Amino acid sequence: MLGSIALAKLALHVVLSGRYGYWIDELYFLACGDHLAWGYVDLPPFVAVVAKASRLLLGDSLLAIRLLSAVSGALLVFFAGRIVRELGGGRFAQVAAAVAVFVAPVYLAFHGLLTMNAFEPLFWMTCTWISIRMVRREDPRLWLPLGLVAGVGFLNKYSMAFFAIALSVGFLLTEQRRLLFTRWMVGGALLALLVALPNLLWQIEHGWPTPELLRNAKLYQHQPVTPLEFVSGQIQIVHPLTFPLWLAGTVFLLRHPSAKPFRFLGWTFLVLFVSFMAMQAKTYYLAPIYALPMAAGAVALERLSARPRLGWLRPATLVTLLVGGALLAPYVLPVLPISMLPKYLAVLPMKEVRPETRRMGEVPQIFADELGWESLVSEVARVYESLPAEERSHATIWGAAYGEAGAIDFLGRRYGLPGAVSGFQNYYLWGPGDGSWEVVIGVNIPEEFLKPWFDHVETRATVECDYCMPDRTTMPITVCRGLRVPIREFWPKVKCWTCDRPDFVRATRVPSASSADAVP
């Protein structure tokens, strides 16, 4: 039964994978896959490797690049059931936990896209499963595989470190601390460090760009949430109907006598919950942990429903979760025509807790950022072809952010477009390209930002996207000639690592200079 639920989740994502279009972050991850390295400004290398491997083995289709995320989701469902079994649960508890994980909106969203968030819950729950087996077997040697998984998880997303710290605190606060103070734990920690070391060396070599980006994100992007909003956000992302289950699971781990050997897991969850709430973290940052309290809650529910006259709780729980999951699914899965989503959102009885300052459009951001790319690239290609042949040979295509640049790099190949440049995130480190910047096609960069820097600026086309995010509903395509400063002086001004706005935007007038120099 557990395997069937996991396969059903996999099948759901496979069937829906071709709807709408490529997601903005997917385009960026694909670009990172074309520039493999041990790190990037805003992410470790794992998802870039997945992107590259998916394309090499499966191709460029939406299904191809999203398949491994869907497989990760199926494995998460399976691991939730296995954790239930390790906690002493029977068949119903395994099914209940698997269904709860299946219908959680945040997991439905993650596992339908290529993103490191799709793999993060699997890394956390694999470490959880290993730690439970370590406690049950009294075998500290299992710190070694746990360290290996944690190290690879760190290469997927840095928040793995928060989980590792919380898990260690959980051990310290319980009798299981005896397993912590062993040479095997030291060995596991060193193994994790060894796996993560190449990325840390990359950070050092590039001047620790990720901390700079995180500081900018806190200043310019993150919307602080109150403790009440944070709690409300957690209830939303894993579905309001699963709230009693994971709340009961937390209490079960912390209070029930039979869960005493696993008390450290209750503390792990509580430490993470309180820490992220205190840090005013984005609501989905805690998402990777919820399969654990859901599993524990399923065990508690199974025992409660075994009492006389309470057996009805079992079918009622499963039906409620499945129906409730289906009702919220269109919020995170592309099951409705895009034009119907505004009406669907209007009847939802809850309002999303927004952890970012970015303005919302008429449809959920996850869908808005999948729209408009094909039309944009097609129009850029038309403008590019309209240039004289001698200009096309050295023209530079400059994207406002990694979405525009990534779309040109990935979708533009069929039109014969050159690779794009951008100052956004890791695109900045990849540089201004080989062009002279004598002729530049600006993509989604308003004229008023370009005129101070170029002798001649002309908007050649505008792409409209009704349901895109507000900053992409109208995307100008501009031809610029005569950069007024050398490119080596201009390029640092386009840098934007989750900034408020790049320096070139702030300029109102730039003194004329000799023609733009090629990059030395």
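# Close-up views of a predicted model

**Figure 1. Overall dimensions of the predicted model.** With 520 residues, a compact globule would have a radius of gyration near 24 Å; the protein has 25 Å, which agrees. The model is predicted. Along the principal axes, the C-alpha atoms fill a box of roughly 85 × 55 × 45 Å. The protein has 24 helices and 5 strands. Of its 520 residues, 56% are buried. Take the contacts between residues at least 6 apart in sequence: 76% of them join residues at least 24 apart. The accessible surface comes to about 21,700 Å². Carbon and sulfur atoms hold 62% of that surface.

Figure 2. The largest nonpolar core has 153 residues. Within this core, Ile289, Tyr290 and Met294 touch the most other members. Another core, of 22 residues, lies apart from the largest one. Its members include Val41, Val421, Tyr428 and Trp437.

**Figure 3. Thr128, a buried residue of helix α7.** Thr128 has its place in α7, which covers residues 116–137. Its relative accessibility is 0%, so Thr128 counts as buried. Which residues are in contact with Thr128, leaving aside its neighbours within four places in sequence? They are Ile83, Phe163, Leu265 and Leu292. Cys127 also counts as buried, because its relative accessibility is 1%.

**Figure 4. Strand β3 and its two partners.** Strand β3 spans residues 439–443. The strand is mostly covered, with 5 of its 5 residues buried. Val439, Ile441 and Val443 are buried on one side. The pairing with strand β1 (residues 396–399) is parallel and runs over 4 bridges. Ile441 in β3 is the bridge partner of Ile397. The pairing with strand β5 (residues 474–483) is antiparallel, and 5 bridges join these two strands. In β5, Cys480 stands opposite Val440.

**Figure 5. The disulfide between Cys465 and Cys468.** A search of the whole structure finds 2 disulfides. This view shows the one that joins Cys465 to Cys468. The S to S distance is 1.9 Å. Is the link of Cys465 and Cys468 right-handed or left-handed? With 70° about the S-S bond, the link is right-handed. Cys465 has a relative accessibility of 9% and counts as buried. Cys468, at 2%, also counts as buried.

Figure 6. Cys496 is joined to Cys499 by a disulfide, S to S 2.0 Å. The angle about the S-S bond is -110°, and the link is left-handed. Counting bonded cysteines along the chain, the disulfides of the protein follow the pattern 1-2, 3-4. At 6% relative accessibility, Cys496 counts as buried. Cys480 is in no disulfide. The nearest cysteine sulfur to that of Cys480 belongs to Cys496 and is 18 Å away. Cys480 counts as buried, because its relative accessibility is 0%.

Figure 7. Most residues other than glycine have a negative phi. Phi of Trp208 has a positive value, near 55°. Trp208 lies in the loop between α10 (183–205) and α11 (209–220). Is Trp208 buried or partly exposed? Its relative accessible area is 40%, so Trp208 is partly exposed. Phi of Arg309 is also positive, near 65°. The loop between α15 (291–305) and α16 (313–328) holds Arg309. Arg309 counts as exposed, because its relative accessibility is 76%.

Conventions. Residues numbered from 1 in each chain as written. Predicted model: local features only at pLDDT ≥ 70, side-chain atom pairs only at ≥ 80, totals over all residues. Heavy atoms only, no water. Buried < 20%, exposed > 50% of the residue type's maximum accessible area, 1.4 Å probe, protein only. Pairing = 2+ DSSP bridges. Core = buried A, V, L, I, M, F, W, Y, C linked by side-chain atoms within 4.5 Å. Rg over C-alpha atoms; globule rule 2.2 N^0.38 Å. Contact = heavy atoms within 4.5 Å. Areas by Shrake-Rupley, 256 points an atom, 1.4 Å probe, with all protein chains shown as cover. Disulfide = S-S within 2.5 Å.
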